[in-house]
Amino acid sequence: MPALQQLSAQVASIVQQQDSTDDAGDEHEVEVEGTIDAVSPTSITVSGTVFATTAATRWLDDDNLPISRDAFAPGLRAEAEGWVRDGVLTAEKVKLDED
């Protein structure tokens with residue numbers, strides 16, 4: 001693992017990883033808070049963890065109010081929550097973290 005990725009992984013604060021398996025047995029929830037590394041039309045990377053994003057992803061400000069995904073940029077702090085389904089980590093919600 002490159003040194004920058006290792007550092008990002010160490011900086012990331014994994015709030016919760018909760019196993020909740022479906023019939024296929026391959027589903028769990030992931031929550032990460034840290035610095036946004038990258039944002040693209042189809043993903044966001046928070047402290048080295050890449051979340052796929054969809055039209056269903058909720059983008060929230062620090063007060064849990066809906067905001068545009070355009071408000072999210074590298075260098076800002078955020079919390080991302082999502083589920084691993086069929087091997088893909090998809091964001092359910094991404095929230096700016098101004099703490």
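**Figure 1. Serine 43 in strand 3 is the bridge partner of serine 40.** This is a predicted model, in which local features need pLDDT of at least 70, side-chain atom pairs count only at pLDDT 80 or more, and totals for chains, interfaces and linings use all residues. Residues are numbered from 1 along each chain as its sequence is written, and side-chain values use heavy atoms, with hydrogens and water left out. Strand 2 (residues 27-40) and strand 3 run antiparallel, joined by four bridges; two strands pair if DSSP finds at least two bridges between them. Two residues make the hairpin link from strand 2 to strand 3.

**Figure 2. Strand 3 (residues 43-46) has buried side chains on both sides.** Ser43 and Thr45 point one way, Ile44 and Val46 go the other way, and all are buried (under 20% relative accessible area, with a 1.4 Å probe and protein chains only). Moving on to strand 4 (residues 49-52), we again find an antiparallel arrangement with strand 3, held by four bridges. Look for isoleucine 44 opposite phenylalanine 51 of strand 4.

**Figure 3. The largest nonpolar core has 15 residues.** Here, a nonpolar core is a set of buried Ala, Val, Leu, Ile, Met, Phe, Trp, Tyr and Cys residues joined through side-chain atoms within 4.5 Å. Val30, Ile36, Ile44, Val46, Phe51, Phe72 and Val94 touch the most other members. Strand 2, strand 3, strand 6 and strand 7 each give two or more residues to this core, and strand 7 gives the most, with four. In soluble globular proteins, nonpolar side chains tend to be buried together.

**Figure 4. Aspartate 86 sits in a loop.** The loop runs between strand 6 (77-85) and strand 7 (88-96). Aspartate 86 counts as exposed because its relative accessibility is 67%, and the cut-off for exposed is over 50%. Glutamate 27 is 59 residues away in sequence, yet the two C-alpha atoms are 7.3 Å apart in space.

Figure 5. Helices (H or I, at least four residues) and strands (E, at least two) are DSSP runs, numbered from the N terminus. The order from the N terminus on is α-β-β-β-β-β-β-β. Of the 99 residues, 34% count as buried.
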